[in-house]
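This report goes through the ligand surroundings, the sheet and the helix packing of one model. The sequence and structure come before the discussion.

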Amino acid sequence: MPDLNKIKTDPDYLSNVQYQNSGNLSSRIQLHQRFSTGQQNWYEFVLELARIKAGMKVLELGCGSCALWRGSYVRLPESASFFLTDLSCGMALEGHLALASDKRFAHLTMNSMDIAFADGSFDLVIANHMLYHVPSVAHVLAEARRVMKPGALFIAATNGPEHMRDLDLLLGKFSKRLNGKHGMESAFNLMNGEKQLREVFTTIELHLYTSDLWVTDANLLTNYAFSTPLVVENLGNEGRPEMRAFFQRRIDRFGGIRIRKETGVYLARVE
Ligand SMILES: C[S@@+](CC[C@H](N)C(=O)[O-])C[C@H]1O[C@@H](n2cnc3c(N)ncnc32)[C@H](O)[C@@H]1O
C-alpha cells in the first residue's frame, strides 16, 4: 500500500490516480452541494469574495473540473478573461469541454510549481482547495506572487484540521483499517495557512464559511468515502455494500448523519 501522507503531494499519483478524471472530485462536490446546511453555495461564497470586475485577468491554479465557474459564468463580466489550469490533463480536458463555447475561458494543463505566464500578468490568482497538494507550498506562493500585478489579489481556500472529523470517527467505527484522517489538507490548512502566506504576502484576511453537512443518502456518503485515498487504498473496492448499510442504519435511526465542516478562504495581497 502506498504511503498515504506522501501520495497527497505526489504529482504522479494525483494526476494519474486520484484526479485522473473528475470522478473522485465529483463524488465529494456532490455530497457538499446536496447536503450543506449553509445559506450560500460554496462556489458563490468564493466568487463573492473574488469581486471580479470588467477587464480583469484571472488565473486559477488546480481548477479541477471547473466547478467554480460552471454555475455562474453567465454573471461574469464580458470583458474579463479566465485562464483555468490543472496538473491533470483529464481534468483540464473536462473543464475545457464544459466551458468550450465561452471565449472568455482558456484551459491549460499546467503544474503550479512552474507557472507558464510572464511576471505581473494577473489581477487575481485563485487556488481553491489545491495548495495542500503541491510539493512545495512556498514555491507555488512565490510563483503566484510573481505573476500577479501590483495590488492584485491572491485567494487560497482550504479546510481546517477538524474538517469532517465526524466522518473520520464513523469510518474508524466501520473498520479498524480506516483509523486516521480521510482529508488531504495537512500541508496547507486553516491552522498553518496564514503563517505560510505571511512569508510572501503582507495583508491576509480569513473568511470562514459557515456550514455543516446533514447527510440523508447513504449511497452518496459511501461514494464520497470511496473517493478518498484513506478508504480506497485500505479497502480497494471491497466493503461498499457493508459501508452503505452501516451509514443507512444511522440514517434510519437518527434521520441523518451530521458532519461538521471547517472551511475558509484567505485573501492575500502585497500592499
Ligand atoms: C481538491 S481538487 C480542487 C479542484 C477545484 N479547485 C475545486 O475546488 O473544485 C485539487 C485539484 O488540484 C490539482 N492539482 C494537484 N496538484 C497540482 C499541481 N501541482 N499543479 C496544478 N494542479 C494541481 C488536482 O489535479 C485537482 O484537480
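Of the 22 residues around the ligand, which come nearest?

## Ligand surroundings

The model is a predicted one. Tyr19, Gly62, Gly64, Leu87 and Ser112 come nearest among the 22 residues around the ligand.

Sorted by class, the shell around the ligand holds twelve nonpolar, nine polar and one charged residues. Helix α2, residues 11-18, gives the most to this shell, with three residues.

## The sheet

Seven strands form an open sheet in the order β3-β2-β1-β4-β5-β9-β6, and the pairing is mixed. Its edge strands are β3 (105-109) and β6 (203-209), each of which pairs on one side only. On average, and with direction ignored, neighbouring strands of the sheet are turned by 15° against each other.

Strands of a sheet pair through backbone hydrogen bonds, in either a parallel or an antiparallel manner. Here, strand β2 (residues 81-86) runs parallel to β3 and is joined to β3 by five bridges. Leu84 has His107 of β3 as its bridge partner.

## Packing of α3 on α10

Helix α3 (residues 23-35) packs with helix α10 (residues 218-225) at an angle of about 140°, and their axes are 8 Å apart. The two helices are therefore oblique to each other. The crossing in which α3 passes α10 is left-handed.

On the α3 side, the contact is made by Ser27, Arg28, Gln30, Leu31 and Arg34, and on the α10 side by Leu220, Leu221, Asn223 and Tyr224. By class, the residues of this contact are four nonpolar, three polar and two charged.

## Packing of α10 on α12

α10 also packs with helix α12 (residues 240-254), here at an angle of about 130° and with the axes 8 Å apart. This pair is therefore oblique as well. α10 passes α12 in a right-handed crossing, whereas the crossing of α3 with α10 is left-handed.

The contact involves Ala218, Asn219, Leu221, Thr222 and Ala225 of α10, together with Arg240, Met243, Arg244, Phe247, Gln248 and Ile251 of α12. Its residues divide into six nonpolar, three polar and two charged. Leu221 of α10 takes part both in the contact with α3 and in the contact with α12.

Notes
Residues are numbered from 1 along each chain as its sequence is written. This is a predicted model: local features need pLDDT of at least 70, side-chain atom pairs count only at pLDDT 80 or more; totals for chains, interfaces and linings use all residues. Axes are lines fitted to C-alpha atoms, for helices over the stretch in contact, and angles run from 0 to 180 degrees between N-to-C directions. Helices (H or I, at least four residues) and strands (E, at least two) are DSSP runs, numbered from the N terminus. Angles under 35 degrees count as roughly parallel, over 145 as roughly antiparallel, 65 to 115 as roughly perpendicular and the rest as oblique. A crossing is left-handed if the near helix is turned anticlockwise from the far one by less than a right angle, and right-handed if clockwise. Two residues are in contact if their C-beta atoms, placed from the backbone, lie within 7 Å. Ala, Val, Leu, Ile, Met, Phe, Trp, Tyr, Cys and Pro count as nonpolar, Asp, Glu, Lys and Arg as charged, and the others, Gly among them, as polar. A residue is near a molecule or strand if its C-beta atom, placed from the backbone, lies within 6 Å of it. Two strands pair if DSSP finds at least two bridges between them.
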